[in-house]
Amino acid sequence: MKAAFEVNGESVEVDVEPRLSLADCLRDVLGLTGTHLGCEHGVCGACTVIVDGQAVRSCLTLAVQADGERITTVEGLSPEAGLSPLQAAFRKHHALQCGFCTPGMVTTAHALLSEEPDADADRVREVLSGNICRCTGYVPIVEAVLEARAAYRKMEGES
Amino acid sequence: MSAPNRLIGSALERVEDLRLLRGRGQFVADINRPDQLHAAFLRSAVAHGMLRGVDAAEALSLDGVHAVLTARDLGSPMPLLPIRLQPLPELEPFCQPMLADEKVRYVGEPVAVVIADSSAIAEDALDLIAVDIDPLPAITNRDQAEAAGTLLFPEHGSNVSMRWNAVKGDADAAFEAADYTRRETFTVQRHAALFMEPRGFVAEWDTDAEKLSVWGAAKVAFANRKILAATMGLERDQIDMIEGDVGGSFGSRGEFYPEDFLIPFAARHLGRPVKWVEDRREHLMAANHARQIECDVEIAATRDGKILALRGTNWTDNGAYIRTNGSIAPRNAAQFMSGAYDIEHIRLTSYSLTTNKTPTGTYRGPGRFEPDFVRERLIDLMAKDLGLDPLDVRRRNLVPADKMPYPLATMTPFESVTSLDSGDNHALLDRCLAEFGWDEKVALQGQCIDGRYHGVSVGCFIEGGAAGPSEDARIVLESDGSFAVYLGSAGVGQGIETIMGQIAGDALGVPFERVRVHYGSTAYVAEGFGSFHSRSTVMGGSAIVLAAEALLEKLRPIAAAALGCALDAVVFDEEGARDADGKAVAFDALSDAPVSAEARFENKKYTYSYGSLAAHVAVDPKTGQVDVLDIASTKDVGRMINPATLNGQSVGSIVQGLGGTLLEEFVYDSEGQLLTGTLADYLLPTATDFPNIRSTVLELAPSPHNPLGAKGAGEGEIIPVGGVIANAVAQALAGFGVEPMALPLSPPNVWRMLQEAIP
């Protein structure tokens with residue numbers, strides 16, 4: 001089955017089995033291995049990607065459902081060199097250890113702050129509660145996301 | 001060290017983060033080899049039964065299926081999963097076959113492996129395999145295991161696999177003479193490490209070179225290479241174990257599992273690379289479980305609260321087989337029951353029981369979390385019975401600094417003698433109370449505010465580290481003037497690329513940017529022991545210090561020749577070497593060819609970190625919900641390499657402990673079916689659960705046993721969490737007379753205790 005969509009600003013067309021998940025399509029067909037699979041049943045959030053601005057579980061989405069959509073993965077949130085302000089805040093606050101859940105945290109936080117650059121700590125915790133991290137205890141992740149708000153406010157001001 | 005240290009002790013941002021944050025980490029699922037096939041496992045759906053047959057004919061006829069391997073394909077005798085730590089011969093009868101053979105003993109036990117063109121086809125084929133099992137009664141609890149109506153290993157004659165003894169002084173005499181004794185039974189529920197990256201391997205057999213490459217190594221690559229060589233009939237140097245980025249271990253990932261053998265076996269069998277990555281449901285029933293224990297323990301004390309003795313019995317539910325490190329939790333639960341406290345008389349016995357559940361292994365703080373719950377509860381119960389302040393009782397009984405080294409109980413079999421090395425328990429307790437704000441918070445003890453009852457508690461713990469025997473490091477001065485460090489330690493997400501770079505930079509006296517650290521894979525050094533028992537920093541880091549010294553000594557004559565000065569006139573600095581007159585030669589000009597030095601740090605003495613943890617909880621009596629309002633911990637690690645990574649481990653460890661105390665539980669039904677087989681049933685802490693966690697890490701008493709003065713610190717604060725939270729809940733609900741004796745303190749369990757307490 002064919003599906004055409006945009007990934008990180010580039011148009012792609014894939015011909016895949018109808019049962020293929022968007023996560024497997026991104027990883028195995030398109031080579032975008034930054035999207036991770038931690039549970040494949042929609043609980044852990046490691047596979048979160050952004051579909052038309054919304055944080056979406058790519059393990060619970062079929063690749064063919066992405067037809068016509070605009071998808072952003074962690075690779076698409078990364079500048080050519082170095083780190084985005086959100087990523088730099090994660091690094092500064094030591095908001096990752098093993099780094100396996102991190103792409104899902106970054107995509108989820110990006111989707112949140114793009115919509116709500118003034119989200120408070122409770123709101124950040126609420127939104128991140130859909131993503132499981134086993135290493136950090138979440139405290140530094142929340143600190144990082146709160147710090148990154150400034151960069152999103154600035155972007156909003158500029159746009 | 002050749003220069004004053006600037007990197008050690010600095011909260012350097014991690015080099016790992018640059019790739020991990022950009023989605024450019026390389027985890028095992030990201031590895032692909034040309035022409036690779038994919039594996040899927042058929043696992044037993046029955047907890048206990050005679051395996052009469054496996055019919056794979058239909059599966060084999062499915063387009064894209066290359067093979068279905070069953071026990072008979074593995075040869076005779078069936079290779080067994082060996083015991084890595086404390087390999088007592090008594091435990092050998094309980095070793096797991098790589099594939100179920102004749103019998104299945106737990107739900108999730110591998111029965112067959114399908115190899116196909118894609119993982120989807122391999123999984124389709126699983127449904128086409130017919131497995132014939134005659135069910136046997138399932139042993140799912142201690143009573144059934146001890147009654148021995150059904151035996152998992154009939155030839156052994158008992159479901160008790162092993163007995164350990166911890167002995168010190170004369171416990172029975174102390175009990176006889178004591179003013180006060182109390183005996184209680186405590187239980188800790190089965191839960192697990194549950195690292196986030198699923199396990200996986202890519203294995204490739206090079207027929208011409210007769211070499212095996214295995215991607216997906218973690219934790220103990222060298223030990224696993226040894227096991228793989230033995231079980232596959234290969235020499236060690238025919239196998240390369242390759243470690244990429246590793247998504248957490250906490251003791252569980254990286255141990256040798258049946259899949260560690262079966263994937264390489266399949267790759268050689270078929271002459272093509274084979275890849276397998278587990279799914280989460282599979283993980284929950286296949287990877288090691290942990291913690292399940294019942295402890296019948298008695299405390300003896302004087303009337304004024306001096307603890308005299310502990311005695312009693314532990315029963316650990318080890319599941320269906322004894323795996324690579326399955327004996328660690330039962331033996332530790334006996335030896336570490338006394339924790340940070342001065343207890344002269346101890347007699348504890350641990351029995352490991354076989355049951356029809358997933359086999360168990362170590363999980364961060366193995367056999368430490370469990371007895372801490374027991375001991376800290378007993379201390380509070382004793383204080384209450386004697387009308388004493390539990391804080392005063394702890395102060396009175398902590399091992400004082402001037403009594404160190406302080407011997408713990410001696411273990412048999414596999415005799416082990418160990419001593420608390422150097423530390424100030426009392427100072428750590430006082431600092432913890434100050435950080436926590438104890439004096440204000442203790443005023444809330446037992447009070448009901450807005451419908452919730454408040455309780456506070458504090459507990460003290462020790463963390464063992466630095467298991468031997470050794471670690472190797474090799475440092476190479478490359479011709480461009482950079483230093484490549486090769487290390488036998490393993491990365492499991494703790495950031496060793498950064499901290500080992502800090503250690504190496506200081507040891508060589510060069511900037512961090514000039515050092516690159518390579519670790520984990522077996523090709524880098526002759527021998528390695530990996531990452532467990534809070535050992536990487538101490539053992540690997542110390543090996544780096546020694547290797548750096550050796551390399552500089554090797555460079556000294558080269559520099560002396562280049563500078564035309566005497567050997568002892570050579571001084572090394574950031575840029576290279578200089579002589580007394582200031583004449584200099586840069587590192588990149590010292591030698592056309594790389595210069596290499598290797599060193600081994602050997603250690604027989606464990607380090608101990610000491611700490612305290614205080615918690616403030618509020619309990620809703622209507623729902624049984626325990627809210628953790630605040631936690632503060634202190635820990636002395638002797639010497640900190642990177643305060644940011646260390647504090648990160650401390651906070652993460654506390655939250656993991658809260659998961660095991662309040663949320664996480666593997667539930668089995670009476671037929672041995674796992675009822676919590678998804679992350680929707682097995683509850684892990686999330687971002688909304690525990691917002692207020694604070695840790696303070698200190699450098700009070702450097703370890704006398706290594707050149708860094710560092711102590712193992714990666715497990716740490718998880719250890720006291722169960723006991724401290726349970727005591728805080730008991731304080732909150734003191735008006736109801738609720739005394740938790742079992743974990744988890746989940747809402748239904750707390751609610752039930754309240755219903756039973758309310759007349």
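Visitor: Why is chain A called as compact as a globular protein of its length?

Guide: The radius of gyration is taken over C-alpha atoms, and the globule rule is 2.2 Å times the number of residues to the power 0.38. For 159 residues the rule gives 15 Å, and chain A has a radius of gyration of 15 Å, so chain A is as compact as a globular protein of that length. Its C-alpha trace spans about 45 × 35 × 30 Å along the principal axes.

Visitor: On what terms are residues named and values worked out?

Guide: Residues are numbered from 1 along each chain as its sequence is written, while chains are lettered from A and ligands numbered from 1 in the order in which they are written. As this is a predicted model, local features need pLDDT of at least 70 and side-chain atom pairs count only at pLDDT 80 or more, whereas totals for chains, interfaces and linings use all residues; side-chain values use heavy atoms, leaving out hydrogens and water.

Visitor: How many helices and strands does chain B have?

Guide: Chain B has 19 helices and 30 strands.

Visitor: What makes chain B as compact as a globular protein of its length?

Guide: Under the globule rule 759 residues give 27 Å; the radius of gyration of chain B is 27 Å, so chain B is as compact as a globular protein of that length. The box filled by its C-alpha atoms is roughly 90 × 75 × 50 Å, taken along the principal axes.

Visitor: Why is Ser650(B) called buried?

Guide: A residue is buried under 20% relative accessible area, exposed over 50% and partly exposed in between, with a 1.4 Å probe and protein chains only. Ser650(B) has 0% relative accessibility, so Ser650(B) counts as buried. Ser650(B) sits in helix 17 (residues 643-663) of chain B. Apart from neighbours within four places in sequence, Ser650(B) is in contact (heavy atoms within 4.5 Å) with Lys635(B), Ser695(B), Val697(B) and Glu717(B).

Visitor: How do you know that the buried residues of helix 19 of chain B line one face of the helix?

Guide: In helix 19 (residues 747-757) of chain B, the buried residues are Val750(B), Met753(B) and Leu754(B). Viewed down the helix axis they fall within an arc of 100°, so they line one face of the helix. The arc is that of the directions from the helix axis to the C-beta atoms. In an α-helix there are 3.6 residues a turn, so residues three or four places apart point the same way. The buried residues of helix 19 pack against strand 28 (607-619) and strand 29 (626-636) of chain B.

Visitor: What makes the phi of Leu194(B) and of Asp450(B) worth noting?

Guide: Most residues other than glycine have a negative phi, and most peptide bonds are trans. Leu194(B) is not a glycine, yet its phi is positive, about 50°. Asp450(B), also not a glycine, has a positive phi of about 50°.

Visitor: Is each of the two, Leu194(B) and Asp450(B), buried or exposed?

Guide: Leu194(B) has a relative accessible area of 2%, so Leu194(B) is buried. Leu194(B) lies in the loop between strand 8 (180-188) and strand 9 (200-206) of chain B. Asp450(B), at 79% relative accessibility, counts as exposed. The loop that holds Asp450(B) runs between strand 19 (448-449) and strand 20 of chain B.

Visitor: Which residues does a cis peptide bond join in chain B?

Guide: One such bond joins Met404(B) and Pro405(B), with omega about 0°. Pro405(B) is in the loop between helix 11 (390-397) and strand 16 (406-407) of chain B. Another joins Gly468(B) and Pro469(B), again with omega about 0°. Pro469(B) is in the loop between strand 20 (452-465) and strand 21 (470-477) of chain B.

Visitor: Which residues does Lys92(A) touch?

Guide: Not counting residues up to four places away in sequence, Lys92(A) touches Glu147(A) and Glu13(B). Lys92(A) belongs to helix 2 (residues 85-92) of chain A.

Terms used
Helices (H or I, at least four residues) and strands (E, at least two) are DSSP runs, numbered from the N terminus.
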